[in-house]
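Biologist: I would like to learn how to read the features of a model like this one, step by step. Could we go through them together, beginning with a hairpin?

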Amino acid sequence: MPELLDFVRRTAADADLIASLPLDPQGRTWSRLDGPGGSEAWLIGWPPGTGTGWHDHGGSYGAFSTAHGELVEQSLAVQLPTEGWKTLELAEGVDRERTLTRGNGRAFGSHHVHQVLNLSAEQHAISVHAYYPPLPLMRRYSRTGPVLRLEQVEHPGEWA
């Protein structure tokens, strides 16, 4: 859905909106936005040294763009089964990493597994995210070397 990437890039360029997000030095902050075409969108503030942990988006596809600072996305270049497993051993060569500086964004498909990190020791990062359909759930994973383990399934009421 190219309109999601266009939306997050345009929204990330809105200096007044970005400045309106309250930032907390201890934890991530967020504000829900009206996304295009029935999508779900969020403005997220990332204190230095914070991240999401490994997760997927419950079958939704999406996009995000950095509005301030720099974010690192680590992802898996492989489609994982969504049901019927607790632990998987990942093959070599499936890890991808990209750095997204201010104004840069990316779109991803419905089977995307990643983690997003603000590796800065000093600077907050702010980003805009959009998902379609709105997130039905998020699966959270732990990772030790090549082993990925399903730890938790979260539903919308748990993060809104």
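Modeller: This is a predicted model, and the hairpin in it is formed by strand 1 and strand 2, with five residues between them. Within the turn, G37 has a positive phi of about 55°. Most residues other than glycine have a negative phi.

Biologist: How many bridges join strand 1 to strand 2, and which residue is the bridge partner of D34?

Modeller: Strand 1, residues 29-34, and strand 2, residues 40-46, run antiparallel and are joined by six bridges. D34 has its bridge partner in strand 2, namely E40.

Biologist: What does the secondary structure of the protein chain come to as a whole, and which pattern does the chain follow along the sequence?

Modeller: The protein chain has two helices and twelve strands, and, read along the sequence, its pattern is α-α-β-β-β-β-β-β-β-β-β-β-β-β. The radius of gyration is 15 Å, close to the 15 Å that the globule rule gives for 160 residues, so the protein chain is as compact as a globular protein of that length. Its C-alpha trace spans about 45 × 35 × 30 Å along the principal axes, and buried residues make up 46% of the 160 residues.

Biologist: Among contacts between residues at least 6 apart in sequence, what percentage join residues at least 24 apart, and which residues is L88 in contact with, leaving aside its neighbours within four places?

Modeller: For the protein chain, that share is 74%. L88, which lies in strand 6 (residues 87-89), is in contact with L80, P81, P146, V147 and L148 once its neighbours within four places in sequence are left aside. L88 and V147 are 59 residues apart along the chain, yet their C-alpha atoms are separated by 5.7 Å.

Biologist: Is S110 buried, exposed or partly exposed, and why?

Modeller: Relative accessibility decides the class: buried means under 20% and exposed means over 50%, with partly exposed in between. S110 counts as partly exposed because its relative accessibility is 28%. This residue is found in the loop between strand 8 (105-108) and strand 9, and, leaving aside neighbours within four places in sequence, S110 is in contact with G59, S60 and Y61. The C-alpha atoms of S110 and G35, 75 residues apart along the chain, are separated by 17 Å.

Biologist: Which residues lie nearest the centre of the largest pocket?

Modeller: A pocket is an open set of points, whereas a cavity is one where a probe fits but cannot get out. The largest pocket has a volume of about 330 Å³, and of the 17 residues that line it, R28, I44, M138, R140 and W159 lie nearest its centre. Two or more lining residues come from each of strand 2, strand 9 (114-117), strand 10 (125-132) and strand 11 (138-144), and strand 2 gives the most, with three residues. By class, this lining has nine nonpolar, five polar and three charged residues.

Biologist: How many cavities of 30 Å³ or more does a search of the whole structure find?

Modeller: The search finds one. The largest cavity has a volume of about 80 Å³ and is lined by 13 residues, with D56, T82, H111, V113 and R139 lying nearest its centre. Its lining has four nonpolar, seven polar and two charged residues.

Biologist: Where is P133, and which residue does a cis peptide bond join to P133?

Modeller: Most peptide bonds are trans. Here a cis peptide bond joins Y132 and P133, with omega about -10°, and P133 lies in the loop between strand 10 and strand 11.

Technical notes. Residues numbered from 1 in each chain as written. Predicted model: local features only at pLDDT ≥ 70, side-chain atom pairs only at ≥ 80, totals over all residues. Heavy atoms only, no water. Pairing = 2+ DSSP bridges. Helix = DSSP H or I, 4+ residues; strand = E, 2+ residues; numbered from the N terminus. 1 Å grid on protein atoms, 1.4 Å probe; cavity = no way out; pocket = protein on both sides within 12 Å on 5 of 7 lines; lining within 4 Å. Points joined across faces, edges and corners; volume = space filled by probe spheres on them. Nonpolar A, V, L, I, M, F, W, Y, C, P; charged D, E, K, R; others polar. Rg over C-alpha atoms; globule rule 2.2 N^0.38 Å. Buried < 20%, exposed > 50% of the residue type's maximum accessible area, 1.4 Å probe, protein only. Contact = heavy atoms within 4.5 Å.
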